[in-house]
Amino acid sequence: MVECVNYVSQSISQVRWRPTVSSLEKPKLFVTGSSEDIDNTVCLWDTSHMKNPLQNDCDDLDIEDFEQRNPKKISTVNVGAGVAALSYVSMDAVVAGTTSGQVKYFNVDATQVSSSAILAVLLFKPGLRFWFY
């Protein structure tokens, strides 16, 4: 028998579900941002494999059942500073604001289940000067 205990090894500061096309559709992907860790990250998670995620019954679970009731981490990107804000700007794009003042854009490829499912682009860094003509 397995106890229903999950250990989270990061301080998660932000969680955002991926928007869906229909309001009747349940989201299957979400992103998290961590803070107050040595290596702060933005992670993409998948819940499509989960068997009844709302059932909280832990009796008579084997390891396979336990794994099927937990989200799977698909991809992780190191962002350096803590994630202070996290928001989807489209179905496949996330913007994260960090505690160091940077704004980072992440292209989320939901079809690619690998470590490169999130591609990061730095949008703003404190101290950079923008000139508009």
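This briefing describes the aromatic ring pairs of the structure. The model is predicted: local features need pLDDT of at least 70, side-chain atom pairs count only at pLDDT 80 or more, and totals for chains, interfaces and linings use all residues. Residues are numbered from 1 along each chain as its sequence is written, and side-chain values use heavy atoms, with hydrogens and water left out. A search of the whole structure finds two aromatic pairs, where rings of Phe, Tyr and Trp (its six-membered ring) pair if their centres lie within 6.5 Å.

**Ring geometry**

- Trp-17 and Phe-30 form a tilted pair, with 4.9 Å centre to centre and 55° between the planes; planes under 30 degrees apart count as stacked, over 60 as edge-to-face and the rest as tilted.
- Phe-30 and Trp-45 form a stacked pair, with ring centres 5.9 Å apart and planes at 5°.
- Trp-17, Phe-30 and Trp-45 form one aromatic cluster.

**Placement along the chain**

- Trp-17 in strand S1 (residues 12–17) and Phe-30 in strand S2 (residues 29–34) are 13 residues apart, and their pair links distant parts of the chain; strands are DSSP runs (E, at least two residues), numbered from the N terminus.
- Phe-30 in strand S2 and Trp-45 in strand S3 (residues 40–46) are 15 residues apart, and this pair also links distant parts of the chain.

**Accessibility**

- Phe-30 is buried, at 10% relative accessible area (buried means under 20%, exposed over 50%, partly exposed in between; 1.4 Å probe, protein chains only).
- Trp-45 counts as buried at 18% relative accessibility, whereas Trp-17 is partly exposed at 45%.

Definitions and conventions
Helix = DSSP H or I, 4+ residues; strand = E, 2+ residues; numbered from the N terminus.
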